[in-house]
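The exercises below are meant to be worked through with the sequence and the model side by side. Try each task before reading its solution.

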Amino acid sequence: MELKKSQIDYIIADLNRRGLVYQPLQEELADHVCTTVEEKMEEGMRFMEAYRATLTLFGHEGDIEDIQQQTFYNTSSNKLAMINNYLKISYRNLVKQRFYSLINIAGLSIGLCCTILIALFVADELSYDRHHEKAGRIYRVATHLRFGGNDSHLAVCPAPFAEALMSEIPEVEVATRFRNWGTFLVKREAENFNENRVIWADPQVFRVFTIPLLSGDTGTVLTEPNTMAVSESVARKFFGEEDPLNQTLILNNHMNYKITGVYRNIPKNSHFHFDILLAMTGLDQSMDQLWLSNNFHTYFVMRPDADPEEVEGKINEMFISHAGPQVQDIMGKTYEQLMSEGVKAEMYLQALPDIHLKSDIDEEFEANGDIRYVYLFTAIALFILILAIVNFMNLATARSADRAREVGIRKVLGSLRSYIVRQFLTESVLVTAISILLAIVLTSTILPYFNRLAGKSIVMPFWDPVFWGFILVSGLLVGFLAGIYPAFFLSSFKPVTILQGKLSKGSRSSLLRSVLVVFQFSISIILIIGTAAVYNQLNFIQNKKLGFNKDQVIILEDTYVLGNQINAFRDELVRDPRILSGTVSSFLPVTNSARSNTTFWKEADKTLENSVNMQRWNVDHDYMKTMGLELVIGRFFSHEFPSDSGAVVLNERAAKQFGFDDPVGEEIYTFKFHPDNSVKEDEYERFRIVGVVKDFHFESIRENIGALSMMLSPSTGRISFKFDASEVSQVINLIQTQWKNMAPGEPLNYTFLDEDFGRMYQAEKKTGQLFSVFAVLAVIIASLGLFALAAFMAEQRTKEIGVRKVMGATMGNIMFLLSKDFGKLVIIAFLISVPVAWYGIRAWLQGFAYKDIPGVILYMGAGLVALVLAWLTVSYQSYRAASANPAQSLRDE
């Protein structure tokens with residue numbers, strides 16, 4: 001490690017060539033004799049300082065870097081050799097420091113794995129509906145209604161809207177509608193199958209959306225009554241290898257539909273999935289001119305040069321021009337008068353790519369995602385990756401003393417700071433490259449489990465160049481970020497300081513490392529608190545008094561196939577002592593069951609002050625008993641009162657909105673619809689209130705309990721049975737036997753009310769599970785870094801520990817000494833994380849009308865968990881250091 005004579009001669013010759021003759025320096029170099037490595041470093045350093053001073057003296061300080069490069073590096077112009085040298089030295093350092101290298105690689109691998117998983121998740125969420133060729137120009141018409149005390153947003157609009165859009169709005173190229181999706185019994189010959197993705201559609205659906213037809217003609221498909229288009233999976237299910245075109249399928253045992261088209265399965269990243277499209281052509285036309293009933297999902301393609309805001313304004317003008325006269329006929333008031341009284345009926349547009357992540361309104365086809373979770377998980381991925389980067393920086397700066405002599409010798413030999421920076425960045429990028437390879441393997445391994453957790457079907461896109469571009473850019477960026485500070489920090493050491501032994505050896509008091517440890521545990525504690533808050537809310541939902549009994553209730557689907565035998569079927573099963581009660585109704589207190597929203601008045605006067613907009617449920621006499629509803633006043637429907645066909649039972653919310661002091665016996669009024677769906681201003685349907693039930697949550701607890709009414713009327717889509725919890729399997733066998741007797745050949749589908757209730761909060765469950773996984777990973781990464789840092793600190797204080805033990809310190813004293821500083825940092829991290837977590841939790845809980853705000857215990861528990869984990873992590877290294885023989889550590893003293 002000494003300056004070669006050839007190097008000294010080269011520099012002196014170069015000085016002479018530049019006319020910079022400095023004889024004292026030349027004589028001093030000629031007389032120089034080095035004996036030890038330290039002397040060589042010191043003399044070499046003095047030589048370089050004199051050389052620099054000489055050039056500065058003659059006004060050539062700008063040439064110093066150029067001369068150094070020529071002297072020590074550009075003797076060989078082979079840049080590849082230089083890069084090879086960087087890699088070779090980096091590899092040797094990784095092998096030499098196996099323990100710390102393993103910690104860094106493990107942390108970065110986990111962090112990068114999380115980043116890749118979340119990037120794939122986010123990419124999948126953002127890809128919804130973008131496969132349609134005109135996705136950027138397709139819009140859905142949504143409705144905002146405020147009337148009778150209710151404010152609602154609907155994904156549906158009136159029946160005539162699509163036709164009016166095409167004929168009256170020049171900016172609209174084409175429009176289409178969907179209507180009445182649901183479950184149908186479908187068969188080719190004898191055996192029925194339940195198909196739950198069936199909907200009526202206009203023929204223009206294939207012009208609006210990119211749904212490729214495998215057979216059939218887009219110009220004729222769905223244009224004739226009683227025709228259908230089916231997906232390739234349905235075609236294969238019913239016809240195998242046969243050509244399904246022009247074949248017939250039977251729906252609900254009585255509707256024959258001819259197949260006129262087969263289309264490719266709708267991709268999973270779509271906000272709707274239908275396997276059977278039924279021709280809306282020839283369907284009941286009674287609603288086609290009704291502008292005050294919202295039942296149709298309507299989409300249209302906007303012209304490329306159109307302004308969405310301008311089109312939205314024109315659409316509302318069109319709606320008012322058509323709906324206004326009908327409002328006048330029904331309400332006896334103009335549209336403008338109703339608007340001035342606080343009523344609102346407004347249409348707005350939703351861009352197709354925004355529906356999945358930005359729309360959460362009534363009458364959605366399927367449960368959508370949430371853009372807030374995309375932002376949240378993106379932030380989590382970045383924070384977890386930063387935790388891994390912080391580990392690298394922490395350990396690199398902590399081990400600065402081990403690299404100091406290397407840096408000093410390099411600088412003495414003339415190495416530029418920029419070359420030293422490149423060396424350390426090369427080490428960082430090498431570690432990152434190894435970590436990325438491991439992260440890809442790890443991601444591929446756990447992706448199936450992640451899919452089950454997130455409800456996705458993501459595959460590793462190895463064939464996608466964008467994916468590899470993301471990996472390359474991420475690797476370079478992470479390598480640069482992880483190595484940039486250590487590189488500049490280590491390359492800044494001055495040889496004089498190193499030789500004089502004044503360099504701090506990774507002191508535990510380092511402000512930077514303390515800040516980084518605090519940052520790591522702050523993120524970990526925030527994730528722990530977030531996970532606990534999500535599960536706290538889920539526990540609140542599961543245990544909240546709902547106003548009905550969701551346990552031990554089995555629901556039979558599609559029971560309309562029983563026809564006139566439906567009541568006999570129910571009565572036969574209720575005779576069994578294991579079945580406590582049964583009710584025939586499609587209206588249940590869970591989502592995805594029947595709903596009907598109607599306006600009522602407390603007087604035969606259609607004024608806004610008298611109106612209440614509420615749910616109208618059709619039930620039977622045993623509904624209250626089966627669902628476990630609680631009667632507040634009056635009675636429920638009874639066979640002893642034949643007049644109950646004109647009776648109504650309200651919930652507390654409805655009774656309060658009507659403002660009755662004693663609601664029992666009062667009458668309420670609603671629209672009287674004629675067979676053609678027309679309504680007259682002076683005609684009403686009248687109901688007498690016979691009872692009031694306690695409010696119950698018939699929608700998600702994200703929403704306030706709304707007004708609800710129940711009438712005696714047939715609704716044969718479902719039958720619910722309350723049964724003995726100890727006889728579940730026997731009850732199911734009993735139901736199956738009775739079903740086969742009374743509905744032979746028909747499929748039996750059943751669910752349990754508590755399971756349906758749980759599915760209403762599936763998104764929150766997934767969020768809680770994902771939060772818990774990422775919280776665990778964050779804690780693992782932080783603990784890995786803390787473990788390595790504690791090991792290094794213990795190593796640096798070996799002699800101090802030996803002296804303390806010789807002086808009588810116990811093992812407990814030593815362990816406390818080594819652990820207390822880290823404990824302080826975790827406590828600081830807790831104090832920082834609590835307000836951040838509190839704000840985030842409050843924001844998340846705003847989405848729930850009923851919530852359980854976490855108390856102090858939850859926050860303290862999260863802090864305690866973090867403190868215990870940190871203590872366990874550090875205590876192992878503390879124990880090793882405390883139990884070491886002091887004679888070994890002090891033998892050189």
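**Exercise 1.** In which helix is Arg842 found?

This is a predicted model, in which local features need pLDDT of at least 70 and side-chain atom pairs count only at pLDDT 80 or more, while totals for chains, interfaces and linings use all residues. Residues are numbered from 1 along each chain as its sequence is written, and side-chain values use heavy atoms, with hydrogens and water left out.

*Solution.* Helices here are DSSP runs of H or I with at least four residues, and strands are runs of E with at least two, numbered from the N terminus. Arg842 belongs to helix α26, which covers residues 811–845. Its C-alpha lies 9.3 Å from that of Pro854, a residue twelve positions away in sequence. Arg842 counts as partly exposed because its relative accessibility is 33%, where buried means under 20% relative accessible area, exposed over 50%, and partly exposed in between (1.4 Å probe, protein chains only).

**Exercise 2.** Find which residues form salt bridges with Lys314, and describe where the partners lie.

*Solution.* A salt bridge is a side-chain nitrogen of Lys or Arg within 4 Å of a carboxyl oxygen of Asp or Glu, and the structure holds 25 of them.

- Step 1: Glu171 pairs with Lys314, the closest N and O atoms being 2.6 Å apart.
- Step 2: This pair links distant parts of the chain, since Glu171 sits in the loop between α7 (161–168) and β3 (172–187), whereas Lys314 is in helix α10 (residues 308–331), 143 residues apart.
- Step 3: Glu310 also forms a salt bridge with Lys314, with closest N and O atoms 3.9 Å apart, and these two residues both lie in helix α10, four residues apart, about one turn of the helix.
- Step 4: Glu171 is buried because its relative accessible area is 14%, whereas Lys314, at 28%, is partly exposed, as is Glu310 at 45%.

**Exercise 3.** How far apart are the closest N and O atoms of Asp756 and Arg759?

*Solution.* The closest N and O atoms of this salt bridge are 2.3 Å apart. Asp756 and Arg759 are separated by about one helical turn because they are three residues apart in helix α23 (residues 753–759). With a relative accessible area of 15%, Asp756 is buried, while Arg759, at 45%, counts as partly exposed.

**Exercise 4.** Which residues of α19 meet residues of α22?

*Solution.* Taking contact as heavy atoms within 4.5 Å, Ala568, Phe569, Glu572 and Leu573 in α19 meet Leu734, Ile735, Gln738, Trp739 and Met742 in α22.
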